[in-house]
Amino acid sequence: MKPSILLLLLSFFITGVSAQTTLNQNGTMYVCFKDTQYKNVEDLQSFLTSNNIELEKGIKISDEQFEYLKNQAQKLKGNSDAVEKLNRIYSITIPYQNINEVDRLYKELSLFEGVEYCVKPLKKAPLPPSDIAPVTPSYFLSQGYIQADPGVNMQYAWDLGYAGAGVTLKDVEYGLNTNHEEFNEKNTSIATGMTISSAVSESYTEHGTAAVGVAYADNASYGVSGMAHELDGAVLYPEWTAENGYNRVYAITQAINNTVAGDVIMYELQVPVSGDGDFVPAEYNSVVWDLTKAATDAGIVIVAAAGNGDQNLDLPEFSEYMNRGDSGAIIVGAGSPDVNHDRMYFSTYGSRVDVQGWGYNVITTGYGDLYAIGGDFNQYYTSFSGTSSATPIVASCAAVLQSYYHTQNGGYLTSQQLRDVLKETGVSQGVASIIEPIGPIPNMEMALNYIDSNLLYNQDFSINEQKMRLFPNPATNKITVLLENSIGNSEINIYNTLGQVVYSDIATFDRKEIAIDNVENGVYFIEVKNQDQRYLKKFIKK
């Protein structure tokens, strides 16, 4: 709840961090084997023993969640290979102060035939993908990114009654002020057993306050409004904790360990390639990529910052990363907050970057460089920028689209499907920077209409060469259902939006006409079960 205190407008200063923090605790090296048994090979065991190395399970996901992810991936992708690969990743704890020893072990381990990859621990905690100079703030309480072009037109979804209900957001980064007046009466929390480290500075922790504020700030008569303010909740998974030190992989693992299909995990993260400023997506790290692939295969939505490194991911030096294929994540670049939608000079770009959000002038919670009401830390507001501000804009769009889809038919879109919708319906990047692609900016009106036209009303479901079609849609007196290559009897059920059965039949058919003149006007779902296949389609009776 916001106290009644006069606004104090502070002179603007650029928020950010001038240098990365050097790590001085133990670091974690990760090694992925080509098969689960290779860790027992004699030569490798001899090397580990002679170097006093002890392998530990690298990805600690509960058995129950692991089985859930496997089953989801099998259902959605036809295999669970990406999930099962997580069992081949191990960790090694190494003191940070012995940098030469880290380099030696990395090189020698990488030479073993059965090692798919090794990932060295970072020497410095990477900057969050935060505010970028020069940023000239706008001193007005206007969130233009919520409105129509040059914004994403989230207002259109709000007017239809959709703002993220039924979806939970998980944010992976350094910190979050859950006591901020925009969060203190909402379901905002820090993951259980993950205490933000006291070594993390306020300039890092406030980054999460700003990012989550874009999505989940209270939609009240004060301050700012979150784009997806009806989310079921927002949870921070900090990458630097009192319990585990700096460990990004652990933070992502725990986010996945506590997420179900349909929910959104946001990577407010970036990683340097070689220096301090050449930042690219966090999934450039092979372990992060494998975790991301496993999660998206299982139906979890991942939205990730492209990074503020001004790197071209299509250059040859990124070929190993690009040749891994598609992780399933929605990668977000930073664009200009105007109708040109040009790439901001700092944004990493390339064919792997899917969509863009505003790269500056995003009014949100935290920092206090724009407004600090009564000097109260819990009433700070900022003008956010970078791929940091762009990413929660896109994550909010994904969450609201997911909420809409789930409300309409009870299912969930995958990360890849949501990405396709956003790319297909967005407003194109400006021609001035199109050779440095960061993708279109979302257009919520077009995206919602696309889901109606292509994923709800007119989608053909194809499984094992069978296909179900329904027409006309909308319909008045009857609908016709076609089921190609059906085998034996099919069970047919029609449900209203309350889940009540209004029609049921068992029949053998390739084509069947069903009279609907005795049901009320409205939205219905037809379900057809044939053998071990299930088909579901939405239609409208008018």
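**Close-up views of a predicted model**

The domain assignment divides the protein into domain 1 (25-119), domain 2 (156-455) and domain 3 (468-541); these bounds come from an automatic or database domain assignment. This is a predicted model, in which local features need pLDDT of at least 70, side-chain atom pairs count only at pLDDT 80 or more, and totals for chains, interfaces and linings use all residues. Residues are numbered from 1 along each chain as its sequence is written, and side-chain values use heavy atoms, with hydrogens and water left out.

**View A. Domain 2 and domain 3.** Taken over C-alpha atoms, the centres of domain 2 and domain 3 are separated by 38 Å.

**View B. Helices H7 and H8.** Two packed helices are described by the angle between their axes and the distance between the axes. The axes of H7 (residues 248-257) and H8 (residues 286-297) come within 10 Å and cross at roughly 5°. Axes are lines fitted to C-alpha atoms, for helices over the stretch in contact, and angles run from 0 to 180 degrees between N-to-C directions. H7 and H8 are therefore roughly parallel to each other (angles under 35 degrees). H7 contributes Val-249, Ile-252, Thr-253 and Ile-256 to the contact, and H8 contributes Val-287, Val-288, Leu-291 and Ala-295; contact means heavy atoms within 4.5 Å. Of these residues, seven are nonpolar, one is polar and none is charged. Ala, Val, Leu, Ile, Met, Phe, Trp, Tyr, Cys and Pro count as nonpolar, Asp, Glu, Lys and Arg as charged, and the others, Gly among them, as polar.

**View C. Val-332 in strand E16.** Strand E16 (residues 330-335) holds Val-332; helices (H or I, at least four residues) and strands (E, at least two) are DSSP runs, numbered from the N terminus. Val-332 is buried, with a relative accessible area of 0%. Buried means under 20% relative accessible area, exposed over 50%, and partly exposed in between (1.4 Å probe, protein chains only). Not counting residues up to four places away in sequence, Val-332 touches residues including Val-303, Ala-305, Val-353, Gly-357 and Val-394. Thr-391 is 59 residues from Val-332 in sequence, yet their C-alpha atoms are 5.7 Å apart.

**View D. His-406 in helix H10.** His-406 is found in H10 (residues 387-409) and is partly exposed, with a relative accessible area of 25%. A polar atom of the His-406 side chain lies 3.1 Å from the backbone oxygen of Gly-411. The side chains of His-406 and Tyr-412 make a polar contact (3.4 Å), meaning a pair of N or O atoms within 3.5 Å; within protein, one must be able to donate a hydrogen and the other to accept it, and residues adjacent in sequence count only if both atoms are side-chain atoms. The C-alpha atoms of His-406 and Val-167 are separated by 9.1 Å.

Notes:
Angles under 35 degrees count as roughly parallel, over 145 as roughly antiparallel, 65 to 115 as roughly perpendicular and the rest as oblique.
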